[in-house]
Amino acid sequence: MGAAYFYHLTREPLEVALPQLLTRALGAGWKVAVRGTDAAKLDWLDDKLWLGPEERFLPHGRAGGPHDARQPVLLTTEAAAPNGATCVMSVDGAVVGPDEVQALDRVCVLFDGHDAEALEVARGQWKVLTEAGCAAQYWSQDSGRWEKKAESAGSA
């Protein structure tokens with residue numbers, strides 16, 4: 001049974017924070033689905049991941065290709081993860097449910113701390129997941145580095 005980690009982005013934008021978290025997830029041996037709500041935004045993220053420094057290249061692909069099952073990181077707008085993801089990273093308010101948190105190694109919810117709507121969506125997801133008994137942690141980068149600010153042990 002996994003846990004939901006909420007990442008409140010206040011110092012770095014998504015295109016900087018996401019590769020850092022993906023590197024950690026791949027280092028843990030997980031396959032990752034980056035789930036978004038907007039295909040154009042995922043295309044943009046795909047471009048950003050391809051244009052990153054060569055020494056920190058993250059192998060990845062967009063869902064719908066012929067090699068989805070082999071992708072260590074798959075960017076998708078769908079709940080299904082044809083790459084067999086054991087970690088889902090939700091961006092732009094993409095929904096994750098309690099069943100996913102309990103079935104996966106990790107669910108990460110990344111949200112823009114400068115966007116009031118994104119904050120409300122993340123608060124709503126925290127409430128739904130913790131009330132369903134999921135373990136959850138809230139991480140902030142207000143100090144310039146990631147620090148755990150809150151935790152719910154869960155009961156499921």
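## A salt bridge across the chain

R62 is partly exposed, at 24% relative accessible area (buried is under 20%, exposed over 50%, partly exposed in between, with a 1.4 Å probe and protein chains only). This is a predicted model, where local features need pLDDT of at least 70 and side-chain atom pairs count only at pLDDT 80 or more, while totals for chains, interfaces and linings use all residues. Residues are numbered from 1 along each chain as its sequence is written, and side-chain values use heavy atoms, leaving out hydrogens and water.

R62 pairs up with D43 in a salt bridge, their closest N and O atoms 2.8 Å apart (a side-chain nitrogen of Lys or Arg within 4 Å of a carboxyl oxygen of Asp or Glu). That links distant parts of the chain, with D43 in helix α2 and R62 in strand β3, 19 residues apart (helices are DSSP runs of H or I, at least four residues, and strands are runs of E, at least two, numbered from the N terminus). D43 is partly exposed too, at 38%.

The structure holds seven salt bridges. Another one joins E120 and R123, at 2.7 Å from N to O. These two sit three residues apart in helix α4, so about one helical turn separates them.

Then there's R145 with E147, at 3.6 Å from N to O. Salt bridges with shared partners tie R145, E147 and K149 into one network. R145 is exposed at 56%, while E147 is partly exposed at 23%.

## Where two helices meet

L14, E15, L18, P19 and L22 in α1 touch K41, W44, L45, K48 and L49 in α2 (contact means heavy atoms within 4.5 Å).
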